[in-house]
Amino acid sequence: MNVLSVENISKRFGHRMLFENFSFGMAQGEKLAIVAPNGSGKSTMLKAVAGEEPTDTGKIIFRNGLRVGYLPQEPVFPAGMSLLEAIMVSDNPLKRAVLEYEKALENPDDGDRLQKCLDEMDRQNAWDYEARVKEVLGQLGIQNTDLQTDAASGGQRKRAALAKVMLEQPDFIILDEPTNHLDLDTIEWLEKWLASGNFTLLMVTHDRYFLDRVCSDIIEIDRGELLRYTGNYSYFLEKKAERRAQQLATLDKAKNLFKSELEWMRRMPKARSTKSKSRVDAFYDIKKEAKKRYDDESVEISVKTERLGSKIVEFHKVSKAYGDIQITDQLTYTFNRKEKLGIVGKNGTGKSSFVKLLLGEESPDAGKVVHGSTIKFGHYDQEGLVNADDKKVIEVVTAIAEVIELKKGQKLTAAQLLERFLFSREKQWQYVSTLSGGEKRRLYLCTVLMANPNFLVLDEPTNDLDIDTLQVLEDYLQSFDGCLVVVSHDRFFMDKVVDHLFVFEGQGAIRDFPGNYTQYREKVRAEESERKKEELPQKSAASNAAEPKQKTKLTYGEKLEFEKLEGEIFELESKKDELAEALSNTSSNDELMELSSKLDALVKEIESKTERWMELAQWAE
């Protein structure tokens with residue numbers, strides 16, 4: 001049974017048709033991702049499904065009573081509100097129950113109100129809500145919850161919006177680029193949460209590992225056509241390749257048939273009126289099929305790289321701190337030719353500050369950073385194009401250069417370069433404000449590379465870029481002759497382009513790991529496994545020599561504990577019922593507060609013992 005039906009929806013912006021007569025459905029528990037080039041209307045389609053954007057035609061129907069949560073690409077919160085207030089604002093009955101209960105506790109004299117709140121907390125099973133809030137905020141790295149939304153960064157607002165969606169516990173979740181602004185540890189945690197959750201998911205993301213591990217279905221928008229693949233991203237790539245090969249084979253047959261039919265049409269032109277009308281009609285159908293094009297348009301990156309001298313960038317005992325937060329501590333490092341360095345670490349450990357030191361935008365507290373005389377930096381940062389919305393696409397590029405040098409002495413005009421970055425002559429005269437988020441990032445990438453840098457510093461380059469563009473960028477960076485420093489949360493991208501990592505572990509500790517991100521995670525898991533083994537009590541020589549046996553049943557002590565827990569949980573449940581009854585009968589405000597506190601503690605104790613009972617139950621005979 002479908003929980004969502006999208007029927008023949010269309011959307012046009014001015015003269016531009018984003019999508020036309022698109023239809024699809026989703027069943028309970030499906031996890032579906034939309035894959036398409038930038039500017040194909042992915043975000044607009046999500047907005048339409050979420051009820052944030054009207055469509056020109058068609059209808060979108062959710063099953064009655066379905067709770068829907070939506071994470072936009074760029075969340076907006078009301079000014080004058082803290083992050084915590086923004087997270088807690090919701091029509092969700094569970095959140096309302098918690099907020100009303102907390103307000104009632106501030107005014108204990110109103111016994112009737114407190115009792116109603118206690119009853120609603122029971123109905124919503126909301127007694128562990130505070131623990132859930134702390135877990136989600138902690139995992140998403142939201143620490144300063146008092147920060148005002150209008151003072152928060154884009155990343156802080158994105159994480160707050162994601163926390164809001166998760167805490168609402170919706171039946172249907174819509175996510176637009178959920179991994180943007182998250183660090184790698186948080187992405188892996190979110191990946192597991194989404195993959196194991198009992199909800200329906202519709203999302204847009206460029207993170208290929210994320211797609212592979214979370215999604216059960218993929219929808220591709222290809223040349224105005226909606227194509228569905230039942231399987232994860234790896235399956236989608238396999239089937240897409242098969243479909244494209246079949247299309248090309250069909251096209252070859254159509255071309256050959258067109259040639260033979262064209263010869264037939266050209267023979268005896270004077271007698272054309274006597275020819276078979278059905279064959280003439282069929283000829284035009286064949287002609288239409290033969291003229292189809294299936295060649296994939298992709299970004300072309302072939303800009304020139306300036307010569308790089310022997311001295312590049314050197315860090316000499318560099319220390320930098322902001323208050324109590326140490327960024328680097330006596331860091332000494334020399335960059336080499338064609339080096340490709342990835343920077344990873346949790347938010348707040350100093351990755352962006354290190355980039356500023358590297359570029360010379362910040363001065364160290366101690367030590368020095370030395371730049372070679374031939375260095376020409378190209379810096380792609382998270383801010384993207386600044387103050388460009390009122391300019392036309394062509395004006396953004398020509399403001400930098402009218403003619404751009406390529407490899408092997410070739411030159412391109414600004415318009416020709418833009419065409420290589422998939423901006424048609426028509427689109428070049430559009431205002432930047434009309435571009436999609438991904439198209440703006442692609443234009444920004446063009447402006448960075450056209451300056452012919454020999455030292456690229458890319459800060460979250462994968463945000464909002466479509467997968468096809470990412471693949472071209474990866475190929476370019478793999479063969480890039482200069483130096484490369486990448487700060488990215490995209491694990492697939494990092495695996496493809498870097499040869500070693502700086503892992504920022506906090507308080508100035510930087511680990512230089514020789515390998516890509518996946519190799520680093522495997523190393524970390526091996527180290528954690530080894531550490532856990534060392535923490536286990538030392539076994540006797542005899543037990544070490546014996547082959548360890550797999551646990552198949554409870555020990556005698558565990559069996560006694562298991563039987564005891566059953567009785568304890570039964571007693572606690574009885575006490576809970578007694579407390580609930582006492583709460584409903586008392587009229588004393590002081591007693592209400594005391595009984596409420598006891599009930600809260602009792603619920604937590606029941607949950608703890610139940611969890612232990614379930615752990616033992618799997619081995620009980």
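# Close-up views of a predicted model

**View 1. A cluster of aromatic rings.** Ring pairs join F315, Y333, F335, F354, F377, F455, F502 and F504 into a cluster. The model shown here and in the views below is predicted. A search of the whole structure gives 17 aromatic pairs.

**View 2. The ring pair of F354 and F502.** A pair of aromatic rings is described by the distance of the centres and the angle of the planes. For F354 and F502 the ring centres are 5.9 Å apart and the planes stand at 70 degrees, so this pair is edge-to-face. F354 belongs to helix α11 (residues 351–359) and F502 to strand β19 (residues 500–506), so that the pair links distant parts of the chain, 148 residues apart. How buried is each of the two residues? F354 has a relative accessible area of 0% and is buried. F502 is buried too, with a relative accessible area of 2%.

**View 3. The ring pair of Y229 and F236.** Y229 and F236 form an edge-to-face aromatic pair. Their centres are separated by 5.0 Å, and the angle between the planes is 80 degrees. Both residues, Y229 and F236, are buried.

**View 4. Charged side chains over ring faces.** K31 lies over the face of F199, at 5.1 Å from the ring centre. R213 is placed over the face of Y209, and here the distance to the ring centre is 4.7 Å.

**View 5. The sheet β11-β10-β13.** Three strands make an open sheet in the order β11-β10-β13, and their pairing is antiparallel. The edges are taken by β11 (325–334) and β13 (366–371), each with a single partner strand, so one side of each has no neighbour in the sheet. On average, neighbouring strands of this sheet are turned by 25 degrees against each other, direction ignored. Helix α11 packs on the sheet and touches β10, β11 and β13. The direction of α11 makes about 135 degrees with that of β10.

View 6. Strand β10 (residues 313–322) is joined to β11 by six bridges, and the two run antiparallel. E314 stands opposite T334 in β11, and Y322 stands opposite I325 in β11. How many residues lie between the two strands of this hairpin, β10 and β11? There are two residues between them, and G323 in the turn has a positive phi of about 65 degrees.

**View 7. The sheet β2-β1-β4.** This open sheet has three strands, ordered β2-β1-β4, with antiparallel pairing. Its edge strands are β2 (16–27) and β4 (57–62), each of which pairs on one side only. From one strand to the next the twist averages 15 degrees. Strand β1 (residues 2–13) pairs with β2 in the antiparallel sense over eight bridges. N2 stands opposite A27 in β2.

**View 8. The largest nonpolar core.** The largest nonpolar core has 61 residues, and M203 and L211 are those with the most contacts inside it. Helix α6 (residues 154–167) gives the largest share of this core, seven residues. Apart from it lies another core, of 49 residues, including V393, I404, L449 and L473. Leaving aside residues up to four places away in sequence, M203 touches L32, A33, I34, L46, L175, P178, F210, L211, V214 and C215.

View 9. I467 is located in helix α15 (residues 467–478). Is I467 buried or exposed? Its relative accessible area is 7%, so I467 is buried. When residues up to four places away in sequence are not counted, I467 touches V35, H206, R208, L211 and Y233. The C-alpha atoms of I467 and D207 are separated by 8.3 Å, although these residues are 260 residues apart along the chain.

Technical notes: Residues are numbered from 1 along each chain as its sequence is written. Side-chain values use heavy atoms; hydrogens and water are left out. Rings of Phe, Tyr and Trp (its six-membered ring) pair if their centres lie within 6.5 Å; planes under 30 degrees apart count as stacked, over 60 as edge-to-face and the rest as tilted. Buried means under 20% relative accessible area, exposed over 50%, partly exposed in between (1.4 Å probe, protein chains only). Helices (H or I, at least four residues) and strands (E, at least two) are DSSP runs, numbered from the N terminus. A charge sits over a ring if NZ of Lys or CZ of Arg is within 6 Å of the ring centre and within 35 degrees of the ring normal. Contact means heavy atoms within 4.5 Å. A nonpolar core is a set of buried Ala, Val, Leu, Ile, Met, Phe, Trp, Tyr and Cys residues joined through side-chain atoms within 4.5 Å. Two strands pair if DSSP finds at least two bridges between them. Axes are lines fitted to C-alpha atoms, for helices over the stretch in contact, and angles run from 0 to 180 degrees between N-to-C directions.
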